[in-house]
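Here are a few friendly notes to read alongside the structure. Take the points in order and look for each one in the picture as you go.

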Amino acid sequence: MKILMIHGPNLNLLGTREPNVYGMETLESINERCVHLANELGIELSIYQTNSESEILDLIQRAPGSFDGIVINPGAFTHYSYAIRDALAAVKLPTVEVHLSNIQAREEFRRESVIAPVVSGQISGFGGDSYLLGIHALVGLIKNA
Ligand code: DQA
């Protein structure tokens, strides 16, 4: 099983970015924990971080045939990128949307995800653990498909 993990804009700054909201853990540490989990589960994990919407679109568009599912934290694109929503709807791969913070408990504009209606499910509010929970959820979905 192959999983594509995409970290969107500003997530490269984790560790120093608003630690009161996103915690102290760096992206590198989250990725290490995800790779460790993937090894335990016997799955392949490819991880990308980009600040570019078009790169996220390219990654999603290229995923079918190479990956069985996607874990994505679209960052701020969550709230307004119809292009990412349309790409996910087009490729129809099982997809879990993850967020470090609980987006429902934050500013009004963060409470809406334009991505959520086209993905399999959303995990939000567990810091770096959201990604690990996302991997577990996605593997379960793919195995039961
Ligand atoms: C985020 C929440 C978004 O609102 C924000 O723009 C991010 C991170 C999260 O993981 O909590 O960049 O996706």
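Predicted model: local features only at pLDDT ≥ 70, side-chain atom pairs only at ≥ 80, totals over all residues.

1. Now widen the view to the strands. Strand β4 covers residues 95-99 and is joined to β5 by four bridges, with the two running parallel. In general, the strands of a sheet pair through backbone hydrogen bonds, either parallel or antiparallel.

2. Which order do the five strands of the open sheet follow? The order is β2-β1-β3-β4-β5, and the pairing is parallel. Because β2 (44-49) and β5 (121-124) stand at the edges with a single partner strand each, one side of each has no neighbour in the sheet. On average, neighbouring strands are turned by 20° against each other, direction ignored.

3. Next, look at two helices that pack on this sheet. Helix α3 (residues 53-62) touches β1 (2-7), β2 and β3 (69-73), and its direction makes about 170° with that of β1. Helix α5 (residues 129-144) touches β1, β2, β3, β4 and β5, and its direction makes about 170° with that of β4.

4. Finally, turn to the ligand. Its surroundings include Y22, H79, H99, L100 and R110. By class, the shell has four nonpolar, five polar and three charged residues.

5. Which distances separate the ligand's oxygen atoms from polar side-chain atoms? For R17 the distance is 3.0 Å, for N73 it is 2.8 Å, and for S101 it is 2.6 Å. Taken alone, the ligand exposes 320 Å², and the protein buries 99% of that.

Note on methods. Residues numbered from 1 in each chain as written. Heavy atoms only, no water. Near = heavy atom within 4 Å. Polar contact = N/O pair within 3.5 Å; in protein donor to acceptor, adjacent residues only side chain to side chain. Areas by Shrake-Rupley, 256 points an atom, 1.4 Å probe, with all protein chains shown as cover. Nonpolar A, V, L, I, M, F, W, Y, C, P; charged D, E, K, R; others polar. Pairing = 2+ DSSP bridges. Axes fitted to C-alpha atoms, helices over the stretch in contact; angles between N-to-C directions. Contact = heavy atoms within 4.5 Å.
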